[in-house]
Amino acid sequence: MNIEHNQIEKHNDSLLTAHQRKLNFLKEEWSQIDLESVIRKLVDFQIAIPSWALGTGGTRFGRFAITGGEPRTIEEKIEDVGLLHALNGASGAISLHIPWDIPQNAEALKSLASGYGLKFDAMNSNTFQDQAGSAHSYKFGSLQNVNKDIRKQAIEHNIEVIKHGIALGSDALTVWLADGSCFPGQLNFRKAFENTLESLQEIYSALPDDWKMFVEYKAFEPNFYSTTVGDWGQSLLYASKLGKKAYTLVDLGHHLPNANIEQIVSLLLMEGKLGGFHFNDSKYGDDDLTAGSIKPYQLFLIFNELVEGMDAKGMNHAKDLGWMIDASHNVKDPLEDLLQSVEAIMIAYAQALLVDRKSLIAAQENNDVAKAQEILQHTFRSDLRALVAEARLRANAALSPIGLYRDLSVRKQLVETRGLGTVATGL
């Protein structure tokens, strides 16, 4: 389904007076800041939506299709991301996972996506599941496997994903490996690293000159004794050995509890090896919850380091890193959950843009710990939702995306069109 511009205008008209009042208050409160510049940056900032997040997620114990109307094809997934982008003006890209979403007609998909104002973000390979028709199993790893034929199968899959991406206009490949071991003695760590590096080098050599490779890491799961790319240091080691087109990708849920992700981000950015993000949130591990729903202060602190580090390098906030959500929606309408995640990310970004950087640096130089804390917490505790809403308004999107989504009964219409029992591919 399409959301018409006149529907958005009507919705915005009903909220405009209250919105303007809140925005004027912020302009007065932050009169020392060029808020127009901040709003322009918010308008430009886009967060890619993964194709696998558009259906109901699952757990190790089951999957409950609670919403209905889930997208049954790539075309319907593009349509759903188009809905999100129409509502929030900040979801202008879709990221595909192969083989969950294999393009059959790249030109037709590009044309369809373009009609919704979308582009194709990073392509994602999958060697953590055995695929139908494959000659070999990844039970004991893919790119690390002791069996050269299995490594070759995984390499060829990644090269196939690159080819699909070239046809769609993507410019990046994300490689996440479940490779590792569950028991001591099961694996020779050095040989596993060497096999993985050799495999990645073959994939890297197939990258076009203007592409990037994102090497994702994860501390544990599905292997619980060792993971071959288990932390940011190992990912950085691979990326450094591979070359200038290889970068580390940070998934916010892929760390041990209480890891200082903002410090990790700062150092990777300093080294020029931070490639991008998979945004989500967690309480215990890789929970894949709505971004900002559990640890909003951490999300702000991460963006604080990003803004400071990117500005120090003269980087473009919107274009020089990859921004994407990677979450699993088990009890919510997936589209509502994605709207909430995008909103939380945009708020954290806005907060980071408003940090009094000059005063913060002065406090740091004088070891004024209390002052530094006050500067950050003053910004974090300020309600900047009106700034994000103004960016949406200027992007011809909705002042209240979830409000309009519910007013239009979008999920009900999707159920009527697609059926109640539909299950999306992936996850």
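Accessible areas here come from the Shrake-Rupley method with a 1.4 Å probe, and for residues only the protein chains shown count as cover. With that, the protein chain exposes about 19200 Å², and carbon and sulfur atoms supply 51% of it.

Quick housekeeping, everyone. This is a predicted model, where local features need pLDDT of at least 70, side-chain atom pairs count only at pLDDT 80 or more, and totals for chains, interfaces and linings use all residues. Residues are numbered from 1 along each chain as its sequence is written, and side-chain values use heavy atoms, with hydrogens and water left out.

So, the overall picture. We have 15 helices and eleven strands in the protein chain; those are DSSP runs numbered from the N terminus, helices being H or I with at least four residues and strands being E with at least two. Buried residues make up 54% of the 427 residues, where buried means under 20% relative accessible area, exposed over 50%, and partly exposed in between (1.4 Å probe, protein chains only).

Now look at helix H13, residues 385-394. How many of its ten residues are buried? Seven of them, and the helix is mostly covered. Among those buried are Leu 387, Val 388, Glu 390 and Arg 392. What does the covering? The cover includes helices H1, H2, H3, H10 and H14, with contact meaning heavy atoms within 4.5 Å. After H13 comes Asn 396, with a positive phi near 65°.

Last stop: Phe 64, in the loop between strand E1 and H3. Why call it exposed? Because Phe 64 has 56% relative accessibility.
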